[in-house]
Amino acid sequence: SLDNGFLAVGASLARKENYSGNYLGAVYLFDVNGSFLTQTNRVTASDGSSDDYFGSSVDLSGDSLLVGARNDDEGGYQNSGSAYLFQRESNGSLTEVAKLTDPDGDNYDYFGQSVAVEGEFLAVGAYGADVIANGNTYSGCGRVLLFRNYAGIVTLTDTLTPPNPSSSTNFGNTIARSGDFLVVGEYRRSDQYYQAGAAYLY
């Protein structure tokens, strides 16, 4: 992710800084000056553990950095996932502001598969989540959770699901935000053709 002269690159299988131990994941920050890149930071999760895939998704907006850890076993659920919000300080350092989770998280939701941040608004995709609609449960349908960051206090504001849910379509596999618009990918949607995919603009 690139914004305002800063580049964030996820390395979801990175080891600890001394290159020992398990794969925790990391995000590398670079200062972009023309054709020159200078590494400024290496960011990890404060509570990272083996195979969390921290850095599986990243997004920058101003001084905010949002990082997905889609395989984090949050709440005791395997691969339920999480996301971390960081704030860039005036001295260039990064401070972890909040850890985002899905209050309805479950096994293999992969919350943090995709992330987007724009100002105080945050979006996190959980492309493996089950969706209950019309009295039916659609396994692996996927959803996107929307949050608001107000002075470091992050609250859940809404949850998006596809208008016509179906099983194993992975809504929220990718997301992107610009201004007041949010686009959500559903890469295994089979409307006209098998797994041709779809995208939704909000």
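**Rings, charges and confidence**

Modeller: Ring pairs join Phe54, Tyr84 and Phe86 into a cluster. This is a predicted model.

Biologist: Is the aromatic pair of Phe54 and Tyr84 stacked, tilted or edge-to-face?

Modeller: The two ring centres lie 5.5 Å apart, with 70° between the planes.

Biologist: How many residues apart are Phe54 and Tyr84 in the chain?

Modeller: Phe54 belongs to strand S5 (residues 54-61). Tyr84 belongs to strand S7 (residues 82-88), so the pair links distant parts of the chain. The separation is 30 residues.

Biologist: Is Tyr84 buried or exposed?

Modeller: The relative accessible area of Tyr84 is 0%. Buried means under 20%, so Tyr84 counts as buried.

Biologist: Which class does the pair of Tyr108 and Tyr110 fall into?

Modeller: The ring centres of Tyr108 and Tyr110 are 6.3 Å apart, and their planes meet at 50°. Stacked needs under 30 degrees and edge-to-face needs over 60. The pair is therefore tilted.

Biologist: Which residue has its ring face covered by Arg88?

Modeller: Arg88 counts as buried, at 11% relative accessibility. Arg88 lies 3.7 Å from a ring centre, over the face of Phe6.

Biologist: Which residue meets Arg88 in a salt bridge?

Modeller: The bridge has an N to O distance of 3.2 Å. It links Arg88 in strand S7 to a residue in the loop between S5 and strand S6 (64-69), 25 residues apart. The partner is Asp63.

Biologist: How many residues apart in sequence are the parts tied together by Arg143 and Asp102?

Modeller: Their side chains meet in a salt bridge at 2.8 Å, N to O. Arg143 is in strand S13 (residues 143-150), and Asp102 is in the loop between strand S8 (94-100) and strand S9 (111-118). The pair therefore ties together parts separated in sequence by 41 residues.

Biologist: Which residues make the nonpolar surface patch of about 300 Å²?

Modeller: One of them is Val183, in strand S16 (residues 181-186). Val183 counts as partly exposed, at 32% relative accessibility. The patch is made by Phe181, Val183 and Leu201.

Biologist: Where in the chain is confidence lowest?

Modeller: The average pLDDT of the chain is 92, and 98% of the residues score at least 70. Strand S10 (residues 121-126) has the highest confidence, at 98. Confidence is lowest, at a mean of 88, in strand S1 (residues 2-3).

Key:
Residues numbered from 1 in each chain as written. Predicted model: local features only at pLDDT ≥ 70, side-chain atom pairs only at ≥ 80, totals over all residues. Heavy atoms only, no water. Phe/Tyr/Trp six-rings, centres within 6.5 Å; stacked < 30°, edge-to-face > 60°. Helix = DSSP H or I, 4+ residues; strand = E, 2+ residues; numbered from the N terminus. Buried < 20%, exposed > 50% of the residue type's maximum accessible area, 1.4 Å probe, protein only. Lys NZ or Arg CZ within 6 Å of the ring centre and 35° of its normal. Patch = residues over 30% accessible without salt bridge, like charges linked within 9 Å, V, L, I, M, F, W, Y side chains within 5 Å. Areas by Shrake-Rupley, 256 points an atom, 1.4 Å probe, with all protein chains shown as cover. Salt bridge = Lys/Arg side-chain N within 4 Å of Asp/Glu carboxyl O. pLDDT = per-residue confidence, 0-100.
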